[in-house]
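I opened this notebook to keep track of what I looked up, entry by entry, and in the order in which I turned to each part.

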Amino acid sequence: MTQPTPSAETTRIVIAREPGGPDVLDVVTRPVTPPGPGQVLIRNTACGVNRPDQIERLGFYPAPAGAPEGLGLEVSGHVAALGPGVDGLAVGDPVCALVAGGGYSDYVTAPAGSVLPAPAGIDLADAAGLPETVLTVWTNVFEIGALSPDETLLVHGGTSGIGTTAIQMAKAHGARVIATAGTAEKVALCERLGADTAINYREADFETVVKDAGGADVILDMVGGDYVQKNINCANAGARIVSIAFLKGSRVEVDLMRVMLKRIVLTGSTLRARPDAEKARLARAVRETVWPWIAAGRLAPVIDSRFALDDVRSAHARLDGGEHSGKILLIC
């Protein structure tokens with residue numbers, strides 16, 4: 001049954017008025033849109049800040065058709081209203097959700113299938129750092145990468161939001177983990193999170209270290225550039241290399257002979273533009289497998305910093321600087 005819309009009539013959202021740096025971000029006011037069929041309106045407590053938001057701000061990652069206006073892909077908060085046909089949720093429920101846009105806001109609509117119960121034992125604001133990262137790691141490492149407990153995962157950017165999540169999820173699964181990071185402090189964080197081997201890529205050649213450690217069976221890469229060939233070189237026979245971003249560029253020259261001889265799968269994916277039904281399937285899988293890991297204390301979001309929604313430019317400056325470890329949150 002459709003529930004009443006909230007008493008608030010407007011919501012703050014964050015837009016990029018043009019492509020550029022953090023200074024192009026503006027907080028503007030829009031009417032609250034009631035939830036449509038199969039949608040949930042969420043009164044946000046917090047929202048996660050992610051690399052895709054940065055890329056969208058720069059003008060290279062347009063929102064899919066029908067997405068809510070504004071930046072932001074993951075939120076936590078309370079259900080404010082339900083659209084027709086939504087079952088299993090009630091107004092007031094604490095939740096976190098994956099959204100296709102508009103997450104930097106006071107209120108946002110989300111497809112019901114992408115709404116998850118806020119996990120017990122995690123602060124509701126911190127839960128905003130889970131949906132986008134956990135679903136990304138799940139689909140790329142566990143589904144596409146098919147990581148087995150007896151295999152080794154190599155994850156680059158080990159102290160990013162994705163990296164800290166991937167390390168914990170792979171260890172909860174029973175796999176061995178090798179992670180790369182850029183400072184001694186970040187290497188130490190990877191080790192505290194469970195990485196069996198953590199490599200400072202500024203001081204050591206990760207390709208050599210990974211080979212000496214027995215190679216990698218699944219590689220989660222967000223770097224691209226020259227890492228593509230180095231990943232191929234240190235991958236084991238039958239390995240799966242999954243690209244999810246290209247911080248050093250997506251146009252590369254590689255020797256594909258090694259891919260053929262090692263029978264390597266070289267692939268990649270994005271999450272945002274997938275159909276709602278596919279995101280709902282992923283959310284169900286995460287709730288069934290990953291939420292129990294959280295309940296057991298084997299996984300928790302690593303929070304770097306928190307900023308007020310009105311201070312979104314500072315949050316993006318922190319993201320751009322690359323010094324953060326874990327998730328950056330906006331508090332609504």
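The entries below go through a helix, a sheet and the aromatic pairs.

Before starting, I noted that this is a predicted model, in which local features need pLDDT of at least 70 and side-chain atom pairs count only at pLDDT 80 or more, while totals for chains, interfaces and linings use all residues. I also noted that residues are numbered from 1 along each chain as its sequence is written, and that side-chain values use heavy atoms, with hydrogens and water left out.

Entry on helix H8. Among the buried residues of H8 are Leu282, Val286, Val290 and Trp293, where buried means under 20% relative accessible area, exposed over 50% and partly exposed in between (1.4 Å probe, protein chains only).

Entry on the sheet. I traced six strands in an open sheet, in the order S10-S9-S8-S11-S12-S13, with parallel pairing; two strands pair if DSSP finds at least two bridges between them. Strand S10 (197–200) and strand S13 (265–268) are the edge strands, each pairing on one side only. Four bridges join strand S8 (residues 152–155) to strand S9 (residues 176–181), and alanine 179 in S9 is the bridge partner of valine 155.

Entry on aromatic pairs. I counted three aromatic pairs in the structure, given that rings of Phe, Tyr and Trp (its six-membered ring) pair if their centres lie within 6.5 Å, with planes under 30 degrees apart counted as stacked, over 60 as edge-to-face and the rest as tilted. Phenylalanine 142 and tryptophan 293 form a tilted pair, 6.0 Å centre to centre with 50 degrees between the planes. Phenylalanine 142 lies in helix H2 and tryptophan 293 in helix H8, so this pair ties together parts that are 151 residues apart in sequence. Phenylalanine 142 is buried, with a relative accessible area of 12%, and tryptophan 293 is buried at 11%.

Notes. Helices (H or I, at least four residues) and strands (E, at least two) are DSSP runs, numbered from the N terminus.
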